Amino acid sequence: MTDISDAFVTALQLLISFDRDLVQIVGLSLQVSLSAVGLAVLIGLPLGAALALFKFPGRDALIVTLNALMGLPPVVVGLVVYLMLSRAGPLGVFGLLFTPTAMIIAQAILVTPIIAALTRQVVADLWVEYSEQMRSLGAGPLKAIPALLFDARFTLVTAVLAGFGRASAEVGAVMIVGGNIDHVTRVMTTTIALEVSKGDLALALGLGIILISLSLAINAATHAVKLRAEAAWV
Amino acid sequence: MGVSTAQARPHANTAPAPSAAILPLALSAVSYEAGGQRLISDISFTLKAGPRTVIMGPNGAGKSLLLRLCHGLLTPTAGTVRWQGPAAHPARHQAMVFQRPVLMRRTVAANIAYALKLRSVPRARRARIIENALSRTGLARFADKPARLLSGGEQQKLALARAWATRPEVLFLDEPTASLDPAATHAVESIIQTMHDEGTHIIMVTHDIGQAKRLADEVLFLHKGHLMEHTAADTFFSAPESGEAAAFLKGELRW
């Protein structure tokens, strides 16, 4: 109980004092996770929509694989990205290992299957409703993709939020490819892991509370906007 | 923007008129099977420009299927559907309005804009075409309203306005008033009549005998996937050739 009450006090102190290290850690966490989600959106939305609308050999296998990839273990992704970016790896020449860019790449790999798989389902459902009308208007599947993604925008927000949740909460991948270097690649989750290993449970819990609060605030704000928009657009 | 101005120059602000005709439409021995069942059997007919065609028949006769086969939304499992006019892309000269209007999650005006974009109407011309189509269907005041917030009748009028804006040579209608009240039905029928008067060939499915009498010039009567009659409307309603059609008109046909 002491740890928990200490944690709240610590979290409050960190927030009130506007601790510079904390601001940097939170800022980098948001930068990495939001960038990864942005990258995953650029890949996952069209990929999911294409899987929903086009029929081709191996499509079902690809859908099953994509669904399975939603549960990718972060440490495995971290390890693979590490091997790719390490000096001896095929992408080692870019010198990205232990940089925020490497963390973004790893998180994008984790998030893309989530956004693509959920998008596939949403677009497939919408296509059932729109298919005849759109084909009548002259839009085949390829032309229909942008319109379907636009019309599914409110539902797809949930997919993007799920992706953000995955990115902001994971620790294994960013720990391996980022290295948890102070002031360079240290984010909230890796800091929590570090503080636990050092025995500073109050600080770790305090950071955890901030992380959860941030996630809650982003989700609440998005949900409120989504509700208002859905009410206006049906 | 005014209705009277638009009505005085009916084609002034619509999309470019088709440069070539697609009619006549010829179906030759068309059949359609699904799930091991033959739903359309060996249907042949030719529709020429001019008369309004109404497809009638009891539930399950294959009316909507036949409409989709004609429009190209379904491919026949046997036989051919051929547009005999010189146009290279017949699909671009057709439009279809469904029983339940499918409207996109955007404004009333944007729904029409999307159809015009797909028909490659230049962006600069779209606003006037949209304004005209909405004005003539009585929807001008709803231009910026989300389409799905319109009433059922207004939604169907928007579906017609969208079709109208693309200036189709042939308009397919699949029971467009089936779920509308009498006032909305009247409004929709007026729009259909105006489109016909302006040269659009109407091909409509209905099992509302009163509506068919008001709108049909010729009738295709289907029963259990077979074409039983293709006759002038007057003849069909006064002296149907087949026993099935006679029974249907009396409300005695079992399906």
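Student: In which helix of chain A is V177(A) found?

Tutor: This is a predicted model, in which local features need pLDDT of at least 70 and side-chain atom pairs count only at pLDDT 80 or more, while totals for chains, interfaces and linings use all residues. Residues are numbered from 1 along each chain as its sequence is written, whereas chains are lettered from A and ligands numbered from 1 in the order in which they are written. Helices are DSSP runs of H or I with at least four residues, strands are runs of E with at least two, and both are numbered from the N terminus. On that basis V177(A) belongs to the run of residues 172–178 of chain A, helix α8.

Student: Is V177(A) buried or exposed?

Tutor: The criterion counts other C-beta atoms, placed from the backbone, within 10 Å of the residue's own: 20 or more make it buried, 12 or fewer exposed, and anything in between partly exposed. V177(A) has 30 such atoms around it, and therefore counts as buried.

Student: Which residues does V177(A) touch, apart from those up to four places away in sequence?

Tutor: V177(A) comes within 7.5 Å of L79(A), C-alpha to C-alpha, although 98 residues of sequence lie between the two positions. For contact itself, C-beta atoms placed from the backbone must lie within 7 Å. By that test, the partners of V177(A) are G78(A), V81(A), Y82(A), L85(A), L97(A), A102(A), M103(A) and A106(A).

Student: And is S5(A) buried or exposed?

Tutor: S5(A) sits in helix α1, residues 2–16 of chain A, and its C-alpha atom is 9.6 Å from that of L205(A), 200 residues away along the chain. Because S5(A) has 11 C-beta neighbours inside 10 Å, it is classed as exposed.

Student: What is the angle at which α2(A) and α6(A) pack?

Tutor: Axes here are lines fitted to C-alpha atoms, for helices over the stretch in contact, and angles between N-to-C directions run from 0 to 180 degrees. The axes of α2 (residues 20–53) and α6 (residues 141–151), both of chain A, lie 10 Å apart, and the angle is about 125°.

Student: Which residues of α2(A) and α6(A) make the contact?

Tutor: The arrangement is oblique, given that angles under 35 degrees are roughly parallel, those over 145 roughly antiparallel, those from 65 to 115 roughly perpendicular, and the rest oblique. From α2(A) come L45(A), P46(A), A49(A), A50(A) and L53(A), and from α6(A) come P141(A), A144(A), I145(A), L148(A) and L149(A).

Student: How many residues does chain B place in its contact with chain A, and how many come from α3(B)?

Tutor: Chain A contributes 15 residues to this contact, and chain B contributes 17. On the chain B side, β5 (94–97) and α3 (108–118) each supply at least two residues, and the largest share is that of α3(B), namely 3 residues.

Student: How many residues of helix α2 of chain B are buried?

Tutor: This helix covers residues 63–71 and is mostly covered, and after it comes G72(B), with a positive phi near 90°. The buried residues include K63(B), R68(B) and H71(B), and the count for the 9-residue helix is 8.

Student: What is the radius of gyration of chain B?

Tutor: Chain B has 9 helices and 9 strands, and its C-alpha trace spans about 50 × 40 × 35 Å along the principal axes. The radius is taken over C-alpha atoms, and the globule rule is 2.2 Å times the number of residues to the power 0.38. For 255 residues a compact globule would come near 18 Å, and chain B agrees with this, at 18 Å.

Note on methods:
Contact = placed C-beta atoms within 7 Å.
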